[in-house]
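Subject: The structure we talked about

Hello,

Here is the structure I promised to pass on. Have a look at it first, and then read on for what turned up.

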Amino acid sequence: QDVFWNHYLSWFYVQQKEFGKAFIQEKAIYKREPESLLSIVNLSQFAMNEDDDETAVEILNFILQNTKDLDLLIQTNANLMQIKIDNSQEKDYPAIDQELKQLLATYEINPFTLSLQLIQAHFLAFNLKKTEEGKAVVKKALELNLNEYQKADAKMELADILLLEEKYNQALIYYSQIQLDLKNDVMAHEASLKAAKTSYYKGDFEWANKQFKELKAANTQLIANDALEYFLLINDNTVADSTQIALKAFAKGDFLIYQNKKQEAIAQFQNILKTFKGQEIEAVTLLRLGKVYESQKDFASALSQYQQIIDNHSDGIYVDEALFFSAEIYNDELKDTEKAKPLYEKVIFNHQDSIYFVDARKKYRELRGDKNL
């Protein structure tokens with residue numbers, strides 16, 4: 001009956017990334033100690049960070065039902081809306097649009113609802129293709145009495161929408177302002193990464209690569225990994241093709257993904273595969289195609305792209321990703337653990353330097369039934 005064991009089990013399940021089981025323990029703790037929802041709020045964040053949307057939604061709805069704290073209500077609704085948008089199809093857009101309007105009518109336009117305002121702006125611009133309306137929402141938000149971090153959030157969204165409209169230089173101005181206003185902050189590094197990608201999208205590879213090179217040493221692992229990926233992409237394909245024709249075509253495909261034009265991006269990458277067959281750009285193009293298909297839940301097509309990398313580019317730098325992404329599809333989406341297991345195994349034994357090595361080893365041990373993970 002000691003609540004200590006509930007705390008211990010919750011911690012243990014979080015380590016295993018079994019957030020549903022951790023939530024059961026946290027609810028038991030909350031029934032005995034209803035003073036604070038903090039640990040449950042933290043658990044929802046863990047679940048969202050690991051893309052366990054189903055559990056995250058369950059936890060967030062529990063928070064809504066058990067709090068009257070205005071800040072927490074707004075943030076929880078913002079998180080729920082973000083998950084809803086991330087998993088939506090075009091037929092869901094009118095209902096989401098209406099729900100965002102209703103939430104902002106309920107909680108009003110003020111600095112406390114900035115997260116909801118920026119979600120609405122992003123949704124208008126990137127999903128409904130109403131960029132002018134999206135920008136108007138952000139500009140209205142910037143007139144509020146915001147702190148430095150809130151201003152940076154709003155400017156980041158405005159820059160993102162300007163980039164969507166191919167207004168590269170205007171976007172770069174806002175990214176640069178964030179870098180200057182919040183020097184050495186994580187948000188400044190994020191703005192630097194987005195500025196580098198902006199240069200990359202418009203074909204200024206030399207300048208983009210200088211920025212990616214600096215960001216490889218960023219404190220945040222995600223930013224450092226992202227910067228390294230683009231640094232290698234530009235370097236490898238400049239050495240292989242000094243004219244950078246294939247790289248320009250690839251950057252256009254990446255920009256179409258950014259603009260949420262997935263069908264056009266697929267067509268662009270397929271054209272690259274035909275035009276530059278057997279060249280350096282082929283493996284990474286297959287990888288990008290696989291990721292776009294995954295985002296559309298077309299797992300058969302995604303697996304087909306990854307298999308081509310495994311078969312034809314086994315000595316390249318993208319084979320560990322192809323193996324791991326294939327294993328994840330079989331394990332998480334298709335529930336075919338027998339096909340997932342040997343793929344995880346190949347990452348473990350052949351690619352110890354992969355950033356996916358630790359996750360592959362853990363998943364493999366789980367599938368094998370090891371008790372001590």
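This is a predicted model: local features need pLDDT of at least 70, side-chain atom pairs count only at pLDDT 80 or more; totals for chains, interfaces and linings use all residues.

Asn6 sits in helix H1, which covers residues 3-15. If we set aside its neighbours within four places in sequence, Asn6 is in contact with Gln25, Ala28, Ile29 and Arg32. Its relative accessible area is 11%, and because the cut-off for buried is under 20%, Asn6 counts as buried.

Now for the chain as a whole. There are 20 helices and 0 strands. The radius of gyration is 22 Å, close to the 21 Å that the globule rule gives for 373 residues, so the chain is as compact as a globular protein of that length. Along its principal axes, the C-alpha trace spans about 65 × 55 × 40 Å. Of the 373 residues, 48% are buried. If you take the contacts between residues at least 6 apart in sequence, 50% of them join residues at least 24 apart.

The surface and the charges come next. The accessible surface of the chain is about 19,700 Å², and carbon and sulfur atoms account for 49% of that. I also have the charged side chains for you: 43 are positive and 58 are negative, with the centres of the two sets 2 Å apart.

The interior may interest you too. In soluble globular proteins, nonpolar side chains tend to be buried together. Here, the largest nonpolar core has 89 residues, and those with the most contacts inside it are Tyr200, Phe212, Leu233 and Phe250. Helix H9 (residues 148-164) gives this core its largest share, 9 residues. A second, separate core has 19 residues, among them Val14, Ile40, Leu60 and Leu72.

Two residues make handy landmarks for distances. Trp207 is in helix H12 (residues 205-215), and with a relative accessible area of 43% it is partly exposed. Trp207 lies 11 residues from Ala196 in sequence, and their C-alpha atoms are 7.6 Å apart. Glu345 belongs to helix H19 (residues 337-350) and is partly exposed as well, at 30% relative accessible area. Between Glu345 and Asp153 there are 192 residues of separation in sequence and 41 Å in space, C-alpha to C-alpha.

Finally, a word on the backbone. Most residues other than glycine have a negative phi. Which residue has a positive phi of about 60° although it is not a glycine? That is Lys17, in the loop between H1 and helix H2 (19-32). Lys17 is partly exposed, with a relative accessible area of 35%. Asn260 also has a positive phi, near 65°, and is a residue other than glycine. You will find Asn260 in the loop between helix H14 (245-258) and helix H15 (262-275). At 29% relative accessibility, Asn260 counts as partly exposed.

Happy browsing, and write back with any questions.

Best wishes

Note on methods
Residues are numbered from 1 along each chain as its sequence is written. Side-chain values use heavy atoms; hydrogens and water are left out. Helices (H or I, at least four residues) and strands (E, at least two) are DSSP runs, numbered from the N terminus. The radius of gyration is taken over C-alpha atoms; the globule rule is 2.2 Å times the number of residues to the power 0.38. Buried means under 20% relative accessible area, exposed over 50%, partly exposed in between (1.4 Å probe, protein chains only). Contact means heavy atoms within 4.5 Å. Accessible areas come from the Shrake-Rupley method with a 1.4 Å probe; for residues, only the protein chains shown count as cover. Lys and Arg count as positive and Asp and Glu as negative; His and the chain ends are not counted. The place of a charge is taken as NZ of Lys, CZ of Arg, CG of Asp or CD of Glu. A nonpolar core is a set of buried Ala, Val, Leu, Ile, Met, Phe, Trp, Tyr and Cys residues joined through side-chain atoms within 4.5 Å.
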